[in-house]
Amino acid sequence: MTQVTRLLRSEWTKFRTVPGWVRAAAAAALMIVLFPLTGLAGGAPEQRTTVPIGPHGEPVSDAYFFVHRPLAGDGSVTVAVTAPSSTSPWAKAGLIVSAGAEPGARYAAIMMTAAHGVRMQHDYLHDRAAAAGGWLRLTRAGDTVTGEVSADGASWSEVDSVRLAGLSGTVQVGLFVACPPLVDGIGTAGNTATATFSDLQLTGAWWPAVDWTGDQRGAGTATFAGYPSGTSGGFTASGDGFTVTGAGDLGPAPRNEVPVGATAADLLFGTFPALVVIVVVATQMITTEFRTRLIRTTFSASPHRVRLLAAKAAVLAGVTFTACLAATVIAVPLWLRVVRGLGLTVFPATDGTLLRAEAGTAALLAVTAVFALAVGTVVRRGATAVTAVVVATVLPHLLARTPFLPPPMAEWLATFTPAAAMAVQQTLTRYPQVDSVYTPATGYYPLSPWAGLAVLCTYTALTFALAVVLLRRRDA
């Protein structure tokens with residue numbers, strides 16, 4: 001048996017023969033499994049908000065003013081459109097094919113935006129930029145919808161061609177205006193936009209006996225309608241076209257617009273109490289030996305101090321990762337079923353993303369345990385070490401999640417402190433075509449999951465190196 005193997009076996013024996021440490025590791029795993037509901041954003045039936053669900057299962061914003069006619073088959077609509085007059089940069093005015101009036105229905109649209117040029121978007125998640133131009137055309141051929149743009153109404157460039165599977169024979173096609181609420185850094189404020197459509201041209205199987213009709217889509221979902229108090233959408237005939245005013249948005253709904261919803265981070269809310277328990281155990285593994293002077297005996301039996309500390313770290317990390325991975329793998333699918341049964345909105349994530357959040361959380365706790373062990377070696381006092389690690393890892397995250405903390409400060413805390421590692425739990429997507437409050441308070445982190453974990457690993461490596469230097473120089 002090699003010396004390294006003997007050290008590992010010795011440290012594992014120490015760990016498993018201390019009942020308090022074993023119980024604490026089990027308790028940490030149970031906290032991960034049992035705590036999630038305390039992190040959910042509400043859940044009582046009277047608190048639930050009806051949120052449209054898009055074709056991919058994601059919460060969406062689906063509200064706009066729609067001036068439309070039925071198209072029974074193939075056809076196209078061409079129009080000259082002015083950029084929507086609004087202070088909201090993603091205010092939209094353009095042409096749309098809607099698969100139905102129900103919230104979250106599939107669609108394809110080409111549009112002029114207030115500050116982001118011409119775009120073609122479909123099914124809420126998909127967005128493509130196009131060359132500038134004041135003329136738009138939308139063509140339906142079976143299930144395929146094609147958007148084109150022109151600067152003069154004569155020479156056309158295709159922006160995108162998308163397939164809306166299952167599109168019925170007769171669909172509503174026409175003009176729309178949407179205007180997302182203004183983002184003020186903390187919340188949102190209602191806003192409207194107005195656009196003029198002219199030189200309207202139709203080809204294909206349009207119903208001849210049906211005139212243009214205007215209505216507010218998404219009017220029943222006040223959260224997403226976005227009208228300031230006392231205002232509403234509408235349209236008026238304007239020569240050979242229309243002037244249309246509208247509000248709302250078409251796109252994925254960010255977390256702050258879904259007041260009762262759950263993500264993987266909510267389902268892993270037990271990470272925080274579990275982390276505190278693990279930190280206590282990790283610091284005790286070394287500070288107890290310093291306090292009781294047993295460290296002299298340990299050094300006598302294992303004079304290579306660096307290997308000894310590395311063995312303690314390996315056993316601690318291995319136990320923590322194994323116990324917490326088992327807990328996260330149980331907790332996420334279990335609580336997904338629970339929250340769906342409660343009728344809460346769940347932000348979808350792929351199996352791979354959920355596995356990353358589960359394994360990443362276990363890795364986060366394991367690395368934090370090694371960090372705590374290193375801090376305990378440096379300060380040699382249990383209470384001081386626990387306080388230092390909790391202040392360094394838990395406190396910055398709690399501050400960053402405070403809704404009233406200025407976003408730049410929250411992002412700094414989630415980027416440069418050990419709490420950056422909480423990004424491993426992120427499963428939300430930040431969509432560039434949606435302006436919102438993208439901060440840790442709403443579940444969005446400035447770093448990618450593994451980059452955030454790397455920040456904690458860097459702190460741990462530096463602290464461990466300091467612990468090695470001090471352990472070599474100090475007397476027991």
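A residue is called buried when its relative accessible area is under 20%, exposed when it is over 50%, and partly exposed in between, using a 1.4 Å probe and protein chains only. The model here is predicted, so local features need pLDDT of at least 70, side-chain atom pairs count only at pLDDT 80 or more, and totals for chains, interfaces and linings use all residues. Residues are numbered from 1 along each chain as its sequence is written, and side-chain values use heavy atoms, with hydrogens and water left out.

Begin with the whole chain. Buried residues account for 52% of its 476 residues. Its secondary structure comes to eleven helices and 19 strands; these are DSSP runs numbered from the N terminus, with helices (H or I) of at least four residues and strands (E) of at least two. The C-alpha trace spans about 95 × 45 × 40 Å along its principal axes. The radius of gyration of the chain is 29 Å, whereas a compact globule of 476 residues would have one near 23 Å. That radius is taken over C-alpha atoms, and the globule rule is 2.2 Å times the number of residues to the power 0.38.

Now look at helix α2, residues 19–34. From first C-alpha to last, its 16 residues reach 22 Å, close to the 22 Å expected at 1.5 Å a residue; the expected span is 1.5 Å times one less than the number of residues. W21, A24, A25, A28, A29, I32 and V33 are buried in α2. The buried residues of this helix pack against α1 (3–16), α4 (264–267), α5 (271–292), α7 (305–341) and α8 (351–379), where contact means heavy atoms within 4.5 Å.

Where is the largest cavity lined? On a 1 Å grid over the protein atoms alone, a cavity is a set of points where a 1.4 Å probe fits but cannot get out, and lining residues have an atom within 4 Å of a point. The lining of the largest cavity includes A25 and A28, together with residues such as F15, I278 and L316. Two or more lining residues come from each of α2, α5 and α7, and α7 gives the largest share, five residues.

The second largest cavity is lined by residues including F272, L364, H397 and M422. α5, α8 and α9 (382–400) each give two or more residues to this lining. The largest share, three residues, comes from α9.

Key. On a 1 Å grid over the protein atoms alone, a cavity is a set of points where a 1.4 Å probe fits but cannot get out, and a pocket is an open set with protein on both sides within 12 Å along at least five of seven lines; lining residues have an atom within 4 Å of a point.
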